[in-house]
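Trainee: I have a new model open and would like a quick tour. Can we go through it together?

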Amino acid sequence: MLPDEPGLLIDAARIEDRVAELASRISEDHAGNGELLILGVLKGAFVFLADLVRGLTVPHRVDFVTLSSYGDSTTPADAVRWVHDLETDVSGKPVLIVDDVVDTGSTLGHLKETLFSRGASSVKSCVLLSKSKPRADDRQADYVGFEIDDVWVVGYGLDHAGRHRSLPYVGVVDPAG
Ligand code: IMP
Ligand code: MG
């Protein structure tokens with residue numbers, strides 16, 4: 001292992017299997033509901049979303065928002081920063097938010113509230129990872145790939161200060177180190 005190489009948490013094969021399972025479940029649950037809007041939360045969700053949508057068997061479109069709560073630190077800021085809005089008019093449409101990880105849940109909660117206020121007919125959410133910690137109901141994800149401990153994870157789209165996003169596995173770094 002290189003000095004700053006993240007330690008392995010979830011390998012690429014397990015991620016691939018789990019993403020395929022999530023895509024099947026989402027497809028089953030949304031069959032016959034019309035076109036689903038897949039809303040990726042950049043930047044962290046770009047790898048997960050790319051794999052997930054290729055497993056979907058229901059009609060869908062893809063759009064993105066860029067939200068930021070951390071900047072380059074690992075301590076959550078109070079407010080979610082809206083960096084780039086989606087292009088789609090969500091009024092009357094079913095939406096599935098796709099994010100990399102739910103931590104405090106403030107990003108998910110804020111986004112759900114905004115989408116409902118814009119008239120989305122339903123809002124569900126899917127995250128690759130969920131950190132084990134207490135969270136209000138509106139900050140939970142409907143579909144979760146893996147429950148993990150409260151550690152800082154990188155890889156498969158996730159970063160630490162912009163680094164490690166392209167790793168094919170999910171690894172752990174020590175944010176202080
Ligand atoms: P929340 O709003 O506290 O749930 O944080 C969610 C957002 O923070 C995610 O979309 C990630 O961008 C980022 N984040 C939280 N924990 C981690 C982590 O361990 N690694 C990388 N990014 C994280
Ligand atoms: Mg994010």
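Trainee: What pattern does the chain follow, read along the sequence?

Mentor: The pattern is β-α-β-α-β-β-β-α-β-β-β-β. Helices (H or I, at least four residues) and strands (E, at least two) are DSSP runs, numbered from the N terminus. This is a predicted model, where local features need pLDDT of at least 70, side-chain atom pairs count only at pLDDT 80 or more, and totals for chains, interfaces and linings use all residues. Residues are numbered from 1 along each chain as its sequence is written, chains are lettered from A and ligands numbered from 1 in the order in which they are written, and side-chain values use heavy atoms, with hydrogens and water left out.

Trainee: How many helices and strands does the chain have?

Mentor: Three helices and nine strands.

Trainee: Let's zoom in. Which residues of H2 are buried?

Mentor: In helix H2 (residues 46-53), these are Phe48, Leu49, Leu52 and Val53. Buried means under 20% relative accessible area, exposed over 50%, partly exposed in between (1.4 Å probe, protein chains only).

Trainee: Why do they line one face?

Mentor: Seen down the axis of H2, they fall within an arc of 115°, so they line one face of the helix. That arc is of the directions from the helix axis to the C-beta atoms. An α-helix has 3.6 residues a turn, so residues three or four places apart point the same way.

Trainee: What do the buried residues of H2 pack against?

Mentor: Helix H1 (12-30) and strands E2 (36-42), E3 (60-68), E5 and E6 (122-131).

Trainee: Switching to Val98. Buried or exposed?

Mentor: Val98 counts as buried, because its relative accessibility is 0%. Val98 lies in strand E5 (residues 94-102). Leaving aside neighbours within four places in sequence, its contacts (heavy atoms within 4.5 Å) include Phe48, Leu49 and Leu52.

Trainee: And Phe64, where is that?

Mentor: Phe64 is in strand E3. With a relative accessible area of 31%, Phe64 is partly exposed. Beyond its neighbours within four places in sequence, Phe64 is in contact with Leu39, Gly40, Leu42, Leu49, Asp85 and Leu86.

Trainee: How far apart are the C-alpha atoms of Phe64 and Val98?

Mentor: They are separated by 9.2 Å, with the two residues 34 apart along the chain.
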